[in-house]
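The sequence and structure come first.

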Amino acid sequence: MSNPLIQIELPPPAGDWDKTKPEFRKGTWCYSATAQNVDYLGMPNPRQWQPSDADWKLPENWKEILLQGMKERLDKFRSFRLFMDICVRCGACADKCHFYLGSGDPKNMPVLRAELLRSVYRRYFTLSGRIFGSLAGARELTEDVVKEWFYYFYQCTECRRCSVFCPYGIDTAEITMIGRELLNLIGVNINWVLDPAANCYRVGNHLGIQPHSLKDNLEFAADELEEITGIRVDIPIGKKGAEVLFVAPSADYFATPHYYTLLGYLALFHEIGLDYTFSAYASEGGNFGLFSSHDLMKRLNAKMYEEAKRLGVKWILGGECGHMWRVIHQYMNTMNGPADFLEVPVSPITGTRFENARSTKVVHIAEFTADLIHAGKLKLDPSRNDSLKVTYHDSCNPSRAMGLLEEPRYILRNACNHFYEMPENTIREQTFCCGSGSGLGTDENMEMRLRGGFPRATAVRHVKETHGVNLLACICAIDKATLPTLLDYWVPGVEVAGVHELLGNALVMKGEKPRTTDLRGGPLASAEEAIHA
Ligand code: SF4
Ligand code: SF4
């Protein structure tokens with residue numbers, strides 16, 4: 001095959017790793033954050049610059065800032081100090097990163113990615129490093145090192161696949177998070193992370209959808225659903241005293257294919273008579289603070305509990321998003337809780353008490369829906385999805401960060417007749433990342449996205465060739481935004497959809513008109529069969 005992207009150079013470059021500088025080749029890095037966004041978020045050193053510039057216009061005392069920042073984080077995060085100290089360089093993680101597999105660049109091995117920071121840690125924070133320098137694996141912090149940190153910490157999607165294989169449990173994603181956080185202290189950040197974050201500050205969501213547009217979009221969705229099902233659904237926004245606050249990623253309101261997932265939620269909520277509300281303030285489940293700094297993550301997350309309190313709901317239901325769930329599951333309660341004003345979530349339809357959400361008070365839509373199906377509360381006609389041969393991509397954060405493995409599969413097996421798994425070592429906890437998470441899904445970064453997504457796409461190709469799979473289902477907004485591009489490139493002919501889109505297709509609603517189209521407006525498989533019968 002002549003595709004240049006699979007000409008992967010595996011032999012390491014000649015010379016010492018710490019002397020090899022990154023090449024800022026077009027297609028392998030993301031644009032810097034604009035001065036306006038940096039300023040808007042109150043972050044340091046707003047200015048015009050690009051990573052391809054020779055001069056990054058760092059503050060005069062950049063080195064002092066970084067070392068002080070590192071010291072503070074070593075004192076604050078015990079895990080960070082531990083991860084700096086305990087790696088035995090066993091190499092178990094080396095070939096587990098999709099960026100290494102897709103690029104062959106040794107600095108994309110998780111162990112070496114961490115070493116970029118660890119070597120500086122040794123030099124300034126360990127006795128052996130101070131005394132023996134490079135003999136102890138230590139190195140000076142220079143501007144070239146800063147550039148290297150930027151290049152490789154923005155070639156890590158914080159997916160945590162490597163941590164599954166590390167016998168010591170070292171989480172390289174957390175090292176990347178600290179690396180990015182340090183870079184933020186000197187104004188080195190990317191626009192694809194800070195632009196959505198700034199939008200969140202202004203209007204409550206990443207995409208900058210203002211309250212009146214949110215209302216229009218949801219009403220438009222109600223119109224479309226009515227056309228498909230003959231049923232008018234009510235969509236409450238900011239309803240005080242509702243039982244449940246529903247928070248989805250903002251892409252669901254109008255991006256494709258996310259929007260069809262939204263139609264699925266709306267049909268479901270109507271069918272079960274859920275007393276819920278959207279919010280124009282907490283109109284974003286996603287949190288790009290996770291890809292920038294703990295502080296920004298906390299600030300962006302705060303609105304969820306605040307809005308739940310203002311509206312007086314009992315608990316929160318969250319939509320199909322990836323990193324939103326890592327924030328909720330691993331950080332929210334510590335950062336902005338405890339949310340004692342909320343109740344331990346109980347499904348009003350089945351009576352199931354979600355003990356797993358006892359601390360956060362937030363239930364994932366996949367576990368909520370799986371419970372409804374399990375209790376026999378939904379009438380489903382899976383033949384409506386018969387034109388689809390479906391596989392499931394475990395989005396990194398719901399699978400590895402919260403263990404949500406079986407519920408989406410349970411929904412798919414009930415909503416579709418043709419479901420096929422990708423190979424075991426590419427799914428569940430071992431799932432391969434889409435290659436574009438953690439704010440790296442930009443067009444200018446396309447080569448790295450396609451390289452990083454190569455292992456995922458290869459597994460999809462396998463089920464396409466063996467079972468004729470033509471649809472990849474997932475529960476992450478970033479996946480829905482970036483996997484279509486990836487699959488168009490590596491596995492043309494495979495579409496991407498949310499799990500609740502397929503559920504919405506199969507859901508037989510009380511009083512619905514005979515359905516002839518799926519939620520995308522395409523002919524339903526069962527309707528087509530009836531026509532040709
Ligand atoms: S967290 Fe994911 S992207 Fe980052 S080094 Fe580990 S495997 Fe690679
Ligand atoms: S698997 Fe863990 S201990 Fe082994 S090299 Fe990787 S990070 Fe270090």
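Ligand 1 is surrounded by Cys-97, His-98, Pro-110, Arg-113, Cys-156, Thr-157, Glu-158, Cys-159, Arg-160, Cys-162 and Thr-172, each with a heavy atom within 4 Å of the ligand. The model is predicted, so local features need pLDDT of at least 70 and side-chain atom pairs pLDDT 80 or more, while totals for chains, interfaces and linings use all residues. Residues are numbered from 1 along each chain as its sequence is written, chains are lettered from A and ligands numbered from 1 in the order written, and side-chain values use heavy atoms, without hydrogens and water.

**Ligand shell**

**Strands** (DSSP E runs of at least two residues)
- In strand β1 (residues 244-247), Val-244 and Phe-246 on one side and Leu-245 and Val-247 on the other are all buried, meaning under 20% relative accessible area with a 1.4 Å probe, protein chains only.
- β1 pairs in parallel with strand β2 (residues 276-277) over 2 bridges; pairing requires at least two DSSP bridges.
- The path from β1 to β2 passes through helix α12 (residues 258-272) in a right-handed β-α-β crossover, clockwise with the strands pointing away from the viewer.
- β1 also runs parallel to strand β3 (residues 315-318), joined by 4 bridges.
- Val-244 stands opposite Tyr-276 in β2 and opposite Trp-315 in β3.

**Thr-229**
- Thr-229 belongs to helix α11 (residues 211-229), helices being DSSP H or I runs of at least four residues.
- Thr-229 counts as buried because its relative accessibility is 0%.
- Leaving out residues up to four places away in sequence, Thr-229 touches Met-509, Glu-512, Lys-513 and Arg-515, with contact meaning heavy atoms within 4.5 Å.

Technical notes. Buried < 20%, exposed > 50% of the residue type's maximum accessible area, 1.4 Å probe, protein only.
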